[in-house]
Amino acid sequence: MRNVINVNQGWMFMQKDVGLPTEMPSDWQPVDLPHTWNAIDGQDGNGSYDRGNYWYARTFETPKQPLAGGKVYVEVLAAALQASVYVNGTKVTYHEGGFSTFRADITELCKLEGENLLVIECSNEKKDNVYPQSADFTFYGGLYRGVNLISVPNTHFDLDYYGGPGLQVTPKLRDCGGALFELQSYITNPDENFTVLYSVKDAEGKEVASAVRPADQPAGALFVPNAHKWEINSPYLYTVTAKLQRRNETYDEVSARVGVRTFSCSPSEGFFLNGKQTPLRGVSRHQDKLYKGNALSKEDHYEDARIIKELGANTIRLAHYQHSQDFYDACDELGFVIWAEIPFISVMNPDPGAHQNCISQLKELIIQNYNHPSICFWGISNEILIGGISEQLVENHKELNALAKKLDPTRLTTIAHVSMTPIEGPMHHITDVESYNHYFGWYGGRMEDNAPWMDNFHKVQPDICIGISEYGAEGILSYHSPNPACKDYSEAYQALYHECMAKLLDERPWIWSSHVWNMFDFGCAARDEGGVAGRNNKGLVTIDRKVKKDSYYLYKAYWNPEPMVHLCGSRYAQRAGETTEIRVYSNQPTVALYVDGKKVEEKSADKVFVFTIALEKGFHVIVAEAGDIKDSMTLEGVEKEPSIYVLPEVNERAEGVANWFSTVGSMDLTAPMEFPEDSYSIKDTLEELAKSPEALAIAAEAVKLIMNMKVEPGNGMWNMLKGMTMESFGSMAGGMLPEGFVESLNAKLTKIKKG
């Protein structure tokens with residue numbers, strides 16, 4: 001029988017590229033898996049993090065083989081971003097791609113007696129043919145999901161095919177109410193003595209169907225009458241087991257938990273699950289946590305899933321790579337519809353080897369995760385036009401889409417377009433459904449621009465199922481204002497932004513899916529904005545999972561039917577002025593507000609209740625009441641609010657724009673823009689502008705004023721954004737920019753000659 005041996009304990013780690021050891025090191029750092037060497041520097045705001053080639057080592061005894069000819073495999077659940085595995089000094093495999101399982105047969109290298117030396121060389125260095133090439137998150141390095149040894153007989157369910165489980169189950173609902181479970185198992189070294197025993201058990205463990213197939217023709221099907229459907233609110237799971245049988249002995253066994261469901265998308269009506277219109281409303285999620293990096297435990301994954309379930313979300317976009325089997329399992333159990341994707345993101349490398357890496361990672365994603373009922377969508381790229389478009393890029397996408405459909409005809413393919421992707425163009429009609437990453441109201445434009453943009457797309461492209469794959473705004477708990485505004489990084493502006501977006505989505509069920517960016521704050525070593533470096537702070541929950549921001553409760557009011565009421569602004573604890581605004585989120589029809597025990601007002605509204613109260617100096621207890629549920633907070637009326645409530649950059653940015661225009665001089669900013677060939681202009685990319693220090697300085701200042709991002713050659717933002725033109729930046733910013741800004745930028749750049 002198969003024996004899976006966890007070997008996560010007792011490793012030694014060296015954060016130097018010291019080369020392959022010949023014996024078990026005694027002077028390296030002891031670590032247990034999961035482990036990443038970027039748990040601290042990948043989030044701490046120092047502006048960079050260690051991207052190197054480092055070493056792990058441990059010893060193991062060869063698993064005892066009850067049968068002659070048995071095999072021993074090493075299974076690496078993920079190693080970021082490239083890894084080589086050595087046993088007793090011999091290299092057994094090399095793997096490129098930091099998010100998927102890979103295995104290697106080490107039988108011939110294992111000693112019959114005594115200890116073996118297992119060494120894994122792991123690298124998160126940039127490699128031109130390995131994705132992700134560049135992106136807005138930390139590329140943590142390490143053995144961050146764990147390692148197993150697997151002992152199997154010579155005849156066994158396959159362990160060599162792209163890290164797959166050796167069993168593929170496709171439940172298909174029938175009109176009679178039953179379900180046909182199509183089965184395919186993959187067997188190494190079968191012969192006429194072996195058969196495959198299939199069994200389906202219901203959620204209570206009762207066998208409801210069984211069948212037998214010869215091991216050399218293992219495909220089959222089982223019919224389950226009166227099948228329970230996998231629903232979002234009732235995620236019913238069957239367990240399918242395949243036993244490799246030789247007469248009266250089971251040689252190997254694998255199993256999968258699966259669900260019976262149907263799904264589809266309509267351009268005019270959105271997503272349907274089991275024939276019922278079900279607009280997908282949820283979040284995106286990265287797999288990292290404060291000072292753990294991506295080295296999460298099973299408990300961490302399940303905690304994340306439970307927090308999202310409490311929100312009331314019914315979908316999760318798992319960005320931007322293959323996630324842990326633990327999290328997919330949690331999604332199967334809790335009832336989320338999942339978008340799973342590969343890290344083909346931001347910038348395409350034209351190297352054919354890079355495209356082959358995309359193909360390999362897509363194969364691993366689909367083959368390893370085929371049985372999860374929560375997964376309904378395979379994503380083939382994210383914001384790829386940041387690096388520009390080409391005929392090769394379009395063709396590569398068509399090939400990836402065709403591959404996904406070949407490997408899995410049962411699911412839909414999707415893509416996340418960057419906001420500036422044209423409404424009409426060659427990137428459309430490649431995947432089954434599409435989505436856009438829009439940040440109107442944060443990086444550009446106004447929050448109110450989102451609805452007309454979506455309506456216009458729906459009008460221009462009525463045959464495309466369209467969604468919003470990312471949208472969000474930074475929310476930092478320290479910042480507060482009686483007049484929250486874009487780019488003030490306040491928790492209140494983040495909440496106002498999401499109020500606008502939640503209403504937009506609630507009114508448009510034809511938007512097949514929406515995914516807040518992001519569920520949790522996450523590590524991004526290259527970022528430095530809002531007074532918090534090393535993080536992306538758009539999460540509805542803090543990176544340590546300790547605090548749910550006000551915007552979290554807005555979505556809970558929209559998506560979770562359990563009665564709730566939430567007072568916003570509890571962290572805005574000291575307030576100046578004769579009056580102050582109190583916002584309340586609730587899914588109840590009426591809310592009453594009390595101040596110091598006295599009822600001030602009772603209002604009827606839809607999700608968002610706004611009160612204005614008098615605020616005398618001193619402490620006041622505020623209570624919101626909706627039926628039997630209440631929430632309370634304490635505020636203090638003060639003469640002057642603490643200075644920490646306002647980010648200094650807010651005023652500096654306004655001054656920066658004013659200073660920008662003061663240097664324009666007598667230029668006519670209403671005149672048509674010119675683009676002389678021998679001068680720089682807004683049509684040049686950042687990379688082209690970098691050839692001139694003067695031009696780059698102007699561009700960097702403009703990007704800082706437009707997006708509040710620091711870009712300079714070598715940092716993470718630079719690698720992602722260097723292919724964008726300044727014209728594109730201006731287009732993204734839209735109405736956020738003062739009149740004449742783009743014209744003035746072009747005028748400044750055209751003064752600088754090329755060469």
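In strand 30, which residue is the bridge partner of Gly282?

Reply: The bridge partner of Gly282 in strand 30 is His515. The model is predicted, so local features need pLDDT of at least 70 and side-chain atom pairs count only at pLDDT 80 or more, while totals for chains, interfaces and linings use all residues. Residues are numbered from 1 along each chain as its sequence is written, and side-chain values use heavy atoms, with hydrogens and water left out.

Start with strand 23 (residues 280-285). Strands here are DSSP runs of E with at least two residues, helices are runs of H or I with at least four, and both are numbered from the N terminus. Strand 23 pairs with strand 30 (residues 513-516) in the parallel sense, over four bridges. Two strands pair if DSSP finds at least two bridges between them. Strand 23 also pairs with strand 24 (residues 315-318), again parallel and over four bridges. There, Arg285 stands opposite Leu318. Six of the six residues of strand 23 are buried, so strand 23 is largely enclosed by the rest of the structure. Buried means under 20% relative accessible area, exposed over 50%, and partly exposed in between, for a 1.4 Å probe and protein chains only.

Strand 20 meets strand 21 (residues 270-273) over four antiparallel bridges. In that pairing, Ser264 has Phe272 of strand 21 as its bridge partner.

Strand 36 (residues 590-595) joins strand 39 (residues 618-626) through four bridges in the antiparallel sense. Val595 finds its bridge partner in Ile622 of strand 39.

One more strand residue deserves a stop. Asn536 belongs to strand 32 (residues 532-536). Asn536 is buried, with a relative accessible area of 1%. Not counting residues up to four places away in sequence, Asn536 touches Asp136, Glu474, Trp517, Asp521, Phe522, Cys524 and Arg527. Contact means heavy atoms within 4.5 Å.

Now the helices. Helix 10 (residues 693-707) packs against helix 13 at about 165°, with the axes 10 Å apart. Axes are lines fitted to C-alpha atoms, for helices over the stretch in contact, and angles run from 0 to 180 degrees between N-to-C directions. Helix 10 is therefore roughly antiparallel to helix 13. Angles under 35 degrees count as roughly parallel, over 145 as roughly antiparallel, 65 to 115 as roughly perpendicular and the rest as oblique. The crossing of helix 10 and helix 13 is right-handed. Ala695, Ile698, Ala702, Leu705 and Ile706 of helix 10 meet Phe741, Leu745, Lys748 and Leu749 of helix 13. That contact has eight nonpolar residues, no polar ones and one charged. Helix 13 (residues 741-750) has nine of its 10 residues buried, so helix 13 is largely enclosed by the rest of the structure. Those buried residues include Phe741, Leu745, Lys748 and Leu749.

Helix 10 has another partner in helix 12. These two pack at about 15°, with their axes 10 Å apart. That makes helix 10 roughly parallel to helix 12. Helix 10 passes helix 12 in a left-handed crossing. From helix 10 come Ala699, Ala702, Val703, Ile706 and Met707; from helix 12 come Met726, Phe729, Met732 and Ala733. By class, the contact of helix 10 with helix 12 has nine nonpolar residues, no polar and no charged. Six of the eight residues of helix 12 (residues 726-733) are buried, so helix 12 too is largely enclosed by the rest of the structure. Among the buried residues of helix 12 are Met726, Phe729, Met732 and Ala733.

Notes. Left-handed = near helix turned anticlockwise from the far one by under 90°. Nonpolar A, V, L, I, M, F, W, Y, C, P; charged D, E, K, R; others polar.
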